[in-house]
Amino acid sequence: MSVHSEILIVGAGVVGLTTALKLAERGVSVTLLDRQLVGREASWAGAGMLPPGNPASAVTPEARLRSYSHALWPEFAADLADRTGIDTGYHICGAIEVCSHDQQDEFCQHNAQWQAEGIRVERISAHEVQQHVADMDARFENAIFLPDFAQVRNPRYLKALKAACLQRGVEILEHAHALDIRQNDGRISEVRVDARTLHFDRICFSVGAWSASLMLSLGFSIPVKPVRGQIVQLQLPAQPFRCVVELGRRYLVPRRDGLILIGSTEEHAGFAKHTTTEGVAGLLDFAKSLVPSLAHAEVVNTWAGLRPGSPDELPLLGPVPGFSNVFIGAGHFRSGLQMSPATGTILADLMLGETPRISLDGLSVDRFSSRSTAALAGVLSCFSSMIT
Ligand SMILES: Cc1cc2nc3c(=O)[nH]c(=O)nc-3n(C[C@H](O)[C@H](O)[C@H](O)COP(=O)(O)OP(=O)(O)OC[C@H]3O[C@@H](n4cnc5c(N)ncnc54)[C@H](O)[C@@H]3O)c2cc1C
């Protein structure tokens, strides 16, 4: 069977889904495929924290993408809810950031960055911390409050994205592993999936932590690696506090129904996606050290996901050098949920030949590599062994 659409998107996490939706909203025919069910990898596993941004004073590549997404989120979430009837759980909950004694310098710098970006941030006392989080350990004297910090329930967000894509006519193929990708003269023109041959004008790869091996099979090297993150989920009878609490790279995310996520580890364990006794124990200790009363909470679930990590922790977005019709959206590391509305919009712009709405300086696909030297070396050594 042969299927034709203007655009094929391989990988249906938040990056693939938002890109498909933004393209379909503009009248483009899109096929979106995933080798399993939609949105079951990092996008499902994430905590759904959405840090704020300010487009007026964002100067770094990370801040530009984050702040553009921040500006899009409220309307995007409301529109998804209106269209699909699915409440993504998006709401502004605020966040408290605290620091330990040995992290004071780093913390001050971080605070200064928020201020330089013109983001609302309030220095708060230990007493004020306890007004937000009643049972918080009193040792945290150095704390800030970010009132515009938001959160989303990512499994619900994924469900809403899928429903909105289907409403807009996106053809979604699940359990469809893109194995046989045909390239010719710098173009990819067909992909075989099971008994189907998919034809398209342009293709976008949004395969998260699996990006490096897939792109290497096309002779292009990108340094995206899986970084495992574990999460422990607690259930309390009611929401004990409203705001996210962060200490360094770990956090507590309270949901409105009394669930609390404790996250997360950062581990280089290849594609192993299981939780570990050490990881879970470390997260539980962390939670108890912040809010001692959580020692009595019920543990209801644990899981792990593979973040797509790049060397500078920033995404790679845009056309793939050496190809005329191939695009990538990958490497969002710890921020793919927050950055997804902006990423989908920008990738749609690029694939339609339009100038993206924000500068992509510092986010280009070729900032780390050109056509794979590894693949080239492989070809050359093959030639040389034939000659000798
Ligand atoms: C524990 C944890 C906590 C996190 N917390 C947050 C947070 O609070 N806020 C935030 O913004 N971000 C957070 N993140 C990061 C965020 O989840 C990721 O950046 C984001 O989900 C990446 O989305 P993606 O679409 O690129 O990848 P994925 O969601 O991994 O999707 C890639 C898809 O590609 C598919 N695929 C792979 N290979 C193929 C193939 N050959 N053919 C077809 N399909 C293929 C996979 O099945 C998968 O569905 C967290 C991540 C983790 C793990």
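At what angle do the axes of helix H3 and helix H9 cross? I started my notebook with that one. This is a predicted model, and I kept that in mind for every entry below.

**Entry 1: H3 and H9**

I looked up H3, residues 61-84, and H9, residues 340-351. Their axes come within 7 Å and cross at roughly 100°. I therefore put the pair down as roughly perpendicular to each other. Next I wanted the side chains. On the H3 side I listed Leu 65, Tyr 68, Ser 69, Leu 72, Trp 73 and Phe 76. They meet Ser 340, Pro 341, Ala 342, Thr 343, Thr 345 and Ile 346 of H9. Sorted by class, the H3 contact with H9 has 8 nonpolar residues, 4 polar ones and no charged ones.

**Entry 2: H1 and H6**

Then I went to H1 (residues 14-25) and H6 (residues 154-167). The axes of H1 and H6 come within 9 Å, and I noted a crossing of roughly 30°. Which hand does the crossing of H1 and H6 have, left or right? It is left-handed. H1 brings Val 14, Leu 17, Thr 18, Ala 20 and Leu 21 to the contact. From H6 I wrote down Tyr 157, Leu 158, Leu 161, Lys 162, Ala 164 and Cys 165. The class tally for H1 with H6 is 9 nonpolar, 1 polar and 1 charged.

**Entry 3: H1 and H3**

H1 also packs with H3, at an angle of about 75° and with the axes 14 Å apart. That makes H1 roughly perpendicular to H3. How many charged residues does the contact of H1 with H3 have? I got 4 charged, along with 3 nonpolar and 1 polar. The H1 residues are Thr 18, Leu 21, Lys 22 and Glu 25. They meet Phe 76, Asp 79, Leu 80 and Arg 83 in H3. Going back over my lists, I saw Thr 18 and Leu 21 in the H6 contact too, and Phe 76 in the H9 contact.

**Entry 4: the cysteines**

How many disulfides does a search of the whole structure find? It finds 0. I checked Cys 93, whose closest cysteine sulfur is in Cys 243, at 7.3 Å. That is too far for a bond, because a disulfide needs the two sulfurs within 2.5 Å. Cys 243 is in no disulfide either, its nearest cysteine sulfur being that of Cys 93. Are Cys 93 and Cys 243 buried or exposed? Cys 93 counts as buried at 3% relative accessibility. Cys 243 is buried as well, with a relative accessible area of 2%.

I looked at Cys 108 separately. Cys 108 sits in helix H4, residues 104-116. At 37% relative accessibility, Cys 108 counts as partly exposed. I also took a C-alpha distance from Cys 108 to Thr 277, which came to 33 Å, with the two 169 residues apart in sequence.

**Entry 5: the loop between E16 and H8**

One was a cis peptide bond joining Gly 263 and Ser 264, with omega about -25°. Ser 264 lies in this loop.

Leu 306 is 35 residues from Phe 271 along the chain, yet their C-alpha atoms are separated by 7.2 Å.

**Entry 6: positive phi**

Glu 313 has a positive phi of about 65°. Glu 313 is in the loop between strand E17 (298-309) and strand E18 (316-319). I logged Glu 313 as partly exposed, at 38% relative accessibility.

Phe 333 has a positive phi too, about 45°. Where is Phe 333? I placed Phe 333 in the loop between strand E19 (326-330) and H9. Phe 333 is buried, with a relative accessible area of 9%. That brought me back to H9, the helix that crosses H3 in my opening entry.

Methods
Residues are numbered from 1 along each chain as its sequence is written. This is a predicted model: local features need pLDDT of at least 70, side-chain atom pairs count only at pLDDT 80 or more; totals for chains, interfaces and linings use all residues. Side-chain values use heavy atoms; hydrogens and water are left out. Buried means under 20% relative accessible area, exposed over 50%, partly exposed in between (1.4 Å probe, protein chains only). Axes are lines fitted to C-alpha atoms, for helices over the stretch in contact, and angles run from 0 to 180 degrees between N-to-C directions. Helices (H or I, at least four residues) and strands (E, at least two) are DSSP runs, numbered from the N terminus. Angles under 35 degrees count as roughly parallel, over 145 as roughly antiparallel, 65 to 115 as roughly perpendicular and the rest as oblique. Contact means heavy atoms within 4.5 Å. Ala, Val, Leu, Ile, Met, Phe, Trp, Tyr, Cys and Pro count as nonpolar, Asp, Glu, Lys and Arg as charged, and the others, Gly among them, as polar. A crossing is left-handed if the near helix is turned anticlockwise from the far one by less than a right angle, and right-handed if clockwise.
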